[in-house]
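Welcome, and thanks for taking a look at this one with us. Please keep the viewer open as you read the briefing.

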Amino acid sequence: MAPRVVAVDVGGTAVKAGLIDDGGRLGAVDRTVTPAAGLDGRPVIDAVEAVVRRLADGAPPAAVGVVVPGIVDEAAGIAVHAENLGWHDVALRALLADRLGCPVAVGHDVRAGGLAEHRAGALRGAENAVFLPVGTGIAAALVLGGRVFAGDGYAGEIGHVDVGHSLACACGGRGCLEAIASAAAVARRYTAVTGVAVGGSRDVAELVRRGEPAAVAVWDDALDALAAGLALLTGVVAPSVVAVGGG
Ligand SMILES: [Zn+2]
């Protein structure tokens, strides 16, 4: 059988994985709810192992690539910190390679997405560009001089820049872009304003389509904040392309 790799995206809400063939084509996909990680990340590592084994279906993959949010030391394969997962200094690459018996690469979710957009998607050919996915959190991938800039794992954290509001953020700060404009924030704010529980930002988007005033107000706040964040990035990085994506 041709060598296959499994790609895994550990998000704040779901662990998404896909089987990739030797031509780079995406085959079977799998998805599971992200468990609460705890400091040592064991429940998440268990979930990643389970999803890889399900997709590989008895044939060990040639390699596994795992991307995670937060601060990531890609060279050492360590998940340093993630507000939405709660882990600290988890040796993800070593732990997963040991369990799965194959090479494992660990990357940052947004920078990996930016790299993919630069290689094969919306940022192709751009010397300087920004990829901004809006998910449970918000971070940007910066392409500078044709390469994704990691800044020792700390670059692109635009989600924790103050865009001028008073809401508290999971990072301990106030006014963060992420606290008003992430998918999680949109759902949370709608519920806080109306007292009506929603399944997620998709539900709020549907209410916006129907013109529900509270949903429109929450959505407008999110868009204003995103625009402020992107204006800031544009002033600093001077990208020729900005790609906004989902999380
Ligand atoms: Zn913050």
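Below are notes on a helix residue, the strands and the cysteines.

This is a predicted model: local features need pLDDT of at least 70 and side-chain atom pairs count only at pLDDT 80 or more, while totals for chains, interfaces and linings use all residues. Residues are numbered from 1 along each chain as its sequence is written, and side-chain values use heavy atoms, with hydrogens and water left out.

- Glu49 sits in helix H1, which spans residues 42-56; helices here are DSSP runs of H or I with at least four residues, strands are runs of E with at least two, and both are numbered from the N terminus.
- Glu49 counts as buried because its relative accessibility is 17%, where buried means under 20% relative accessible area, exposed means over 50% and partly exposed lies in between, using a 1.4 Å probe and protein chains only.
- The side chains of Glu49 and Arg99 make a polar contact at 2.8 Å (a pair of N or O atoms within 3.5 Å; within protein, one must be able to donate a hydrogen and the other to accept it, and residues adjacent in sequence count only if both atoms are side-chain atoms).
- Setting aside neighbours within four places in sequence, Glu49 is in contact (heavy atoms within 4.5 Å) with Leu96, Arg99 and Leu100.

**The sheet S5-S6-S7**

- Three strands make an open sheet in the order S5-S6-S7, with antiparallel pairing; two strands pair if DSSP finds at least two bridges between them.
- Strand S5 (71-73) and strand S7 (88-90) are the edge strands, each pairing on one side only.
- Strand S6 (residues 78-81) is joined to S7 by two bridges, and Ala79 stands opposite Val90 in S7.

- Strand S9 (residues 129-134) runs antiparallel to strand S10 (residues 141-144), with three bridges joining them.
- Six residues link S9 to S10 in a hairpin, and Ala129 stands opposite Val143 in S10.
- On to the next pair: three bridges join S10 to strand S11 (residues 147-149), again antiparallel, and the bridge partner of Val143 in S11 is Val148.
- The hairpin of S10 and S11 has two residues between the strands, and Gly145 in the turn has a positive phi of about 60°.

**Cysteines**

- Zero disulfides (pairs of cysteine sulfur atoms within 2.5 Å) turn up in a search of the whole structure.
- Cys169 is buried, as its relative accessible area is 11%, whereas Cys171 counts as partly exposed at 33% relative accessibility.
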